[in-house]
Amino acid sequence: MALGLTDRSDDITAGSVSQEVMAANIARKLVLFQNISTATMWLNFGAAATANSNSFKILPDQCFTFEMQAVVAQAVHVICATIASKYVAKEG
């Protein structure tokens, strides 16, 4: 079965403020996230992302993947100190 991907790629709109990357989705089977900026980003699930606490640290050029049984249905949030830092995000 082919899995269609929805593009959620964007950039950071406000420095050091958590923003939603993906809304909660109980049908989600895959989450792909890559930090394509030069700044560190932090990801959290189901609650606002925070730097250095309770969030996953995503370094520049690093990828984060959830798939199949390990995927989260909760909303995905990102935070970064640098405005306009870009990321690629896809869900399926």
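Predicted model: local features only at pLDDT ≥ 70, side-chain atom pairs only at ≥ 80, totals over all residues.
Four strands form an open sheet in the order 3-8-5-6, and their pairing is antiparallel. Strand 3 and strand 6 (56-58) are the edge strands, each pairing on one side only. From one strand to the next, the twist averages 35°.

Three bridges join strand 5 and strand 6 in the antiparallel sense. Tryptophan 42 has lysine 57 as its bridge partner in strand 6.

## Nonpolar core

The largest nonpolar core has 19 residues, of which Val21, Phe33, Met41, Leu43, Val78 and Tyr87 touch the most other members. At least two residues of this core come from each of strand 3 (19-22), strand 4, strand 5, strand 7 (63-67), strand 8 (76-80) and strand 9.

Methionine 41 can be followed through its contacts, leaving aside residues up to four places away in sequence. Its neighbours then include Ile12, Phe33, Val78, Ile79, Cys80 and Tyr87. Methionine 41 also touches Phe56, Lys57 and Ile58, as well as Asn35, Ser85 and Lys86.

## Aromatic pairs

There are six aromatic pairs in the structure. In one of them, the ring centres of phenylalanine 33 and tyrosine 87 lie 5.1 Å apart with the planes at 25°, so the pair counts as stacked; the cut-off for stacking is under 30 degrees. Phenylalanine 33 belongs to strand 4 (residues 30-35) and tyrosine 87 to strand 9 (residues 86-91), so this pair ties together parts 54 residues apart in sequence. Both phenylalanine 33 and tyrosine 87 are buried, and both are among the core residues that touch the most other members.

Ring pairs also link Phe45, Phe56, Phe64 and Phe66 into a cluster. Phe56 from this cluster is one of the residues touched by methionine 41.

## Serine 37

Serine 37 sits in the loop between strand 4 and strand 5 (41-45). Its relative accessibility is 10%, so serine 37 counts as buried, the limit being under 20%.

The side chains of serine 37 and asparagine 35 make a polar contact at 2.7 Å. Beyond residues up to four places away in sequence, serine 37 touches Pro60, Asp61, Ser85 and Lys86.

Methods:
Residues numbered from 1 in each chain as written. Heavy atoms only, no water. Phe/Tyr/Trp six-rings, centres within 6.5 Å; stacked < 30°, edge-to-face > 60°. Buried < 20%, exposed > 50% of the residue type's maximum accessible area, 1.4 Å probe, protein only. Polar contact = N/O pair within 3.5 Å; in protein donor to acceptor, adjacent residues only side chain to side chain. Contact = heavy atoms within 4.5 Å. Core = buried A, V, L, I, M, F, W, Y, C linked by side-chain atoms within 4.5 Å. Pairing = 2+ DSSP bridges. Axes fitted to C-alpha atoms, helices over the stretch in contact; angles between N-to-C directions.
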